[in-house]
Amino acid sequence: MPKTRFAKISIDNYIYNIESLQKFIGPNTKLMLVVKANAYGHGAPELSKAANGVGIFDFGVATVDEAIELRQHKIEGNILVFGNFKNHDMDKIIEHDLTVTISSKADLRKIKDRKIKAHIKIDTGMSRRGFYYHSIDDLGKITQLIHKIYKKTSIDIKGIYTHFASADTNYDFTSKQIDLFKNLIETLKDNGIDYGHAHAANSAGTLKYKHAHFDMVRVGIASYGVLPFEQSVFKPKPVMSLYGFVIDIKKIKSGDFIGYDRTYRAIRDMTIGVVNLGYADGIFRMLSNKGHVSVNGHISKIVGRISMDTFSIDISDIDVKQGDEVLIFGYDKINNIPVNDVAKLCGTNSYEILCAVKNRVRRIYSFEPNKN
Ligand SMILES: *Cc1c(COP(=O)(O)O)cnc(C)c1O
């Protein structure tokens, strides 16, 4: 591996996760892979290409530009844009055969009479995007509205979906969202409205609520080998492992301070390693004096503040040389450092930790499978 900062992306583990997910959901449910935000930092073109290779032809992204990037890399299949689109995107959407999300009446006006593929988004409780439908009392109104969209010849309805606000944490609220959505699609069916594929579940929804699978599930975080909640029979393998290396080793004396603001004071003579990663690479400053890394098979503590481009680790009692690789999260030959553990220390979720890994960290795609 190069002596630089790099994120090793295991394509094998990604494919393993895809195949495990397919087994989990069964043959009657489609798997859409969510590869927005450059596949949560992993590299959307590379992973989507691998997914195409194992028969996945449904992708979800946030923006029109993200969708076009996939097409430029010859990614095949349906690409659904979850987010907003603009009037002037219409030509590109048609040229690249993209599918948009219709979330509001304003979206309908943007389409005018252009022939376009779309999924309709229903807001069943998150109060974010989608047509408002928080109560069964509104079932008639929402059905009417969808019927109107259905009659427009310009719009080719390929799907209808909702999104869960708290599938990982709140059973009652998620169940209410599932019931609302289920009532809606049954009513549409009864009225002879062909809505295409109905879908609701993100990773947590997929793994926790079998009855929320409908025709398709939209999985992001679990496909990257990170679970949005603890304890699951489903055990994916981590796809990204973030590494730096030791660029300097130095001896300091008892009483010396380490790093900006002198937040760490040595209470004995110490050996510290300086690592070539900092918050400009996506290492949260919250890890200062809190986090740990794996180096040469040992777990070593972060000492002092995380700087922009470096941080220091305590290697007083372990054998470390200049040039040794340092694992921040993911796995090396000996240790696993779950992204979730890092997220907990930073007071955030695993999504933010993955998305924070900056472009200056090289992505290296490897096919060597994880030992686990
Ligand atoms: C990001 C996103 C997902 C994927 O969520 P995960 O929790 O990563 O599985 C699914 N659906 C929509 C609409 C999203 O924006």
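In these legends to a predicted model, a residue is called buried when its relative accessible area is under 20%.

**Close-up 1. The aromatic pair of F24 and F234.** A search of the whole structure finds eight aromatic pairs, and in the one shown here the ring centres of F24 and F234 lie 5.8 Å apart with their planes at 70 degrees, so the pair is edge-to-face. The two residues come from distant parts of the chain, 210 residues apart, with F24 in helix α1 (residues 11-25) and F234 in the loop between β10 (216-219) and β11 (240-252). F24 has a relative accessible area of 19% and is therefore buried, and F234, at 5% relative accessibility, counts as buried as well.

**Close-up 2. The tilted pair of Y40 and Y224.** Y40 and Y224 form an aromatic pair with 4.8 Å from centre to centre and 40 degrees between the planes, an arrangement that is tilted. This pair also links distant parts of the chain, since Y40 belongs to helix α2 (residues 36-40) and Y224 to the loop between β10 and β11, 184 residues apart. Both Y40 and Y224 are buried.

**Close-up 3. Charged ends over aromatic rings.** In one part of this view, the charged end of K110 sits over the ring of F85, at 4.8 Å from the centre of that ring. In the other part, the charged end of R262 sits over the ring of F257, and here the distance to the ring centre is 3.9 Å.

How values were computed:
Residues numbered from 1 in each chain as written. Predicted model: local features only at pLDDT ≥ 70, side-chain atom pairs only at ≥ 80, totals over all residues. Heavy atoms only, no water. Phe/Tyr/Trp six-rings, centres within 6.5 Å; stacked < 30°, edge-to-face > 60°. Helix = DSSP H or I, 4+ residues; strand = E, 2+ residues; numbered from the N terminus. Buried < 20%, exposed > 50% of the residue type's maximum accessible area, 1.4 Å probe, protein only. Lys NZ or Arg CZ within 6 Å of the ring centre and 35° of its normal.
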